[in-house]
Amino acid sequence: MGGSGTLDTAISPPGLGRDIPAHAVGPALTADNWAGDLLATSAAAAQAEWAALTGTERGRVLRRAAEIIRGRNRELSVLESFDTGKPLQETLVADATSGADALEYFGGLAGSLTGEHIPLSGGDFVYTVREPLGVCLGIGAWNYPTQIACWKAAPALACGNAMIFKPSETTPLCALKIAEILIEAGAPAGLFNVVQGFGETGAMLSGHPGIAKVSLTGSVPTGRKVAAQAAGAMKHVTMELGGKSPLIIFDDADLESAISAAINGNFYSSGQICSNGTRVFVHRAIKEAFLARLAERLGNAVIGDPMDEATNFGPMTSAAQLDIALSYVAKGVAEGARLVMGGDRIDRPGFWMTPAIFADVTDSMAIAREEIFGPVMSVLDFEDEADVIARANDTEFGLAGGVFTRDLARAHRVIGQIRAGSCYINTYNLTPVEAPFGGVKASGVGRENSKEAINHYSEVKSVYVCLGETEAAF
Ligand code: NAD
């Protein structure tokens, strides 16, 4: 698939039971074929029709879509695994289900999106109305194609917007299923549109005057470009970007739980998760015990066919991402970090490597400063609480952060000083739809999920109502 073509043959994801027709994937948008017509006639018309419904009616459609997704979880999970390479063991519980949660949650909220009544003197009052923005653009990364499509579409549609969604060029399939399911659930055609293409397609869409808001999930460099373009037209933005998050493990921590969190926060989805705690600060007193037990547990990883439900560590999503991760393993070794285990390319078809653990990592090393987005964990030592907080915050990113300690006063004290949007005490990387998710500093702007997301997909109109006479100076 490319920026200007279509697939010539149908795709047959293993286990899906049917083909995905080639026409569902293309044609991609180009400067010649793209279109005002898509926006003007399709999305905008659907948005007007959709916004005229009551919130309860809109919510019913979203909740029906959630039910359909749950009913087809296995089929959608197979597709997600096919799209990304993630093991079916993960996708069965983390992808379509998370998308369904978002549709269900925002479907439930849709009927309660009301304004305020603000009484004023003389019987005057102001009432506020929460209005949709119009046609919103979602642009996705490749690590969670179903979840990202739903996390953006659910609050957008609940508020009465339409959405045009451009999935990552690396994982084009899953969002198409969400579009089909929304239509089946009763959404008007054109309300949720999927447009395939590369970055230039995203740029073309986000620059279009018909787009009121851009919500990007992607890297910081892409975020800078998209936000700058949107700023020119004063468009709303949500930026869900990268991270290099700290996970701080004190010497009184429950070691097995802390190791579980470090494993989940570095190796789930083969490390391709934005909020991963890739800088694992371990108190010097427990460092060697931590490393020994971590290595032992990592030895139990089942690396194999993603469609085999016993597999719990799959390949990288693309050759390019594998090369990036392996290049960081080489950098870590060259910079003098101790490679405890892993980091080898696996000789089998696909984009495989063994999960890597580096110890004795120092703050200035590239593997401790730059987002890798692969299964490479950096373990750094610390002794002093104030010192580790300062080091944890010494990064351009601010997506997530975690602390493990049995001392709850210390846990709250430390988390209170971590500059990050999504924080964890004695766990890591859980993202329930009820909780806001998003970053500070270079990691992003705005929040997804929770009631917070409503503020990012609607705007408030205030209406002053005068019950008396209006006077003027002359
Ligand atoms: P990427 O930035 O390369 O691409 C993201 C999307 O933006 C793709 O769909 C791409 O086609 C599009 N794009 C690229 N250039 C564009 C432009 N100029 N205008 C408009 N669209 C453009 O990111 P990726 O490699 O697909 O994903 C990995 C990155 O995403 C990592 O940095 C990761 O941390 C981040 N991420 C963040 C979150 C989050 O919620 N914060 C979640 C998942 C991934």
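Student: Is N429 buried or exposed?
Tutor: N429 is buried, with a relative accessible area of 15%. Buried means under 20% relative accessible area, exposed means over 50%, and partly exposed is in between (1.4 Å probe, protein chains only).

Student: Where does N429 sit?
Tutor: N429 is in the loop between β14 (422-425) and β15 (444-445). Helices (H or I, at least four residues) and strands (E, at least two) are DSSP runs, numbered from the N terminus. N429 also has a positive phi of about 70°, although it is not a glycine.

Student: What sort of model is this, and how are residues numbered?
Tutor: This is a predicted model, where local features need pLDDT of at least 70 and side-chain atom pairs count only at pLDDT 80 or more, while totals for chains, interfaces and linings use all residues. Residues are numbered from 1 along each chain as its sequence is written, and side-chain values use heavy atoms, with hydrogens and water left out.

Student: What is phi for D360?
Tutor: Phi of D360 is near 55°, a positive value in a residue other than glycine. D360 lies in the loop between β11 (356-359) and α13 (366-369). With 31% relative accessibility, D360 counts as partly exposed.

Student: Which salt-bridge network includes D360?
Tutor: D360 is linked with R284, K287, E288, R338, D381 and E383 in a network of salt bridges. A salt bridge here is a side-chain nitrogen of Lys or Arg within 4 Å of a carboxyl oxygen of Asp or Glu. Side chains of opposite charge can pair when their charged atoms come close.

Student: What about K287 and D381, how far apart are their N and O?
Tutor: The side chains of K287 and D381 meet in a salt bridge at 3.1 Å, N to O. This pair links distant parts of the chain, with K287 in helix α11 and D381 in strand β12 (residues 376-382), 94 residues apart. Both K287 and D381 are buried.

Student: And which residue does R338 pair with?
Tutor: R338 forms a salt bridge with E288, and the closest N and O atoms are 3.1 Å apart. R338 is in strand β10 (residues 338-341) and E288 in helix α11, so the pair ties together parts that are 50 residues apart in sequence. R338 is partly exposed, at a relative accessible area of 33%, and E288 is partly exposed too, at 46%.

Student: How many salt bridges are there by this rule?
Tutor: The count comes to 27 salt bridges. Another pair to look at is E256 with R297, whose closest N and O atoms are 2.9 Å apart. Here E256 lies in helix α10 (residues 255-267) and R297 in helix α11 (residues 287-298), so the pair ties together parts that are 41 residues apart in sequence. E256 is partly exposed at 33% relative accessible area, and R297 is partly exposed at 21%.

Student: Switching to the ligand. How many residues surround it?
Tutor: 28 residues surround the ligand, and the closest are G140, E169, S219, T222 and E371.

Definitions and conventions:
A residue is near a molecule or strand if one of its heavy atoms lies within 4 Å of it.
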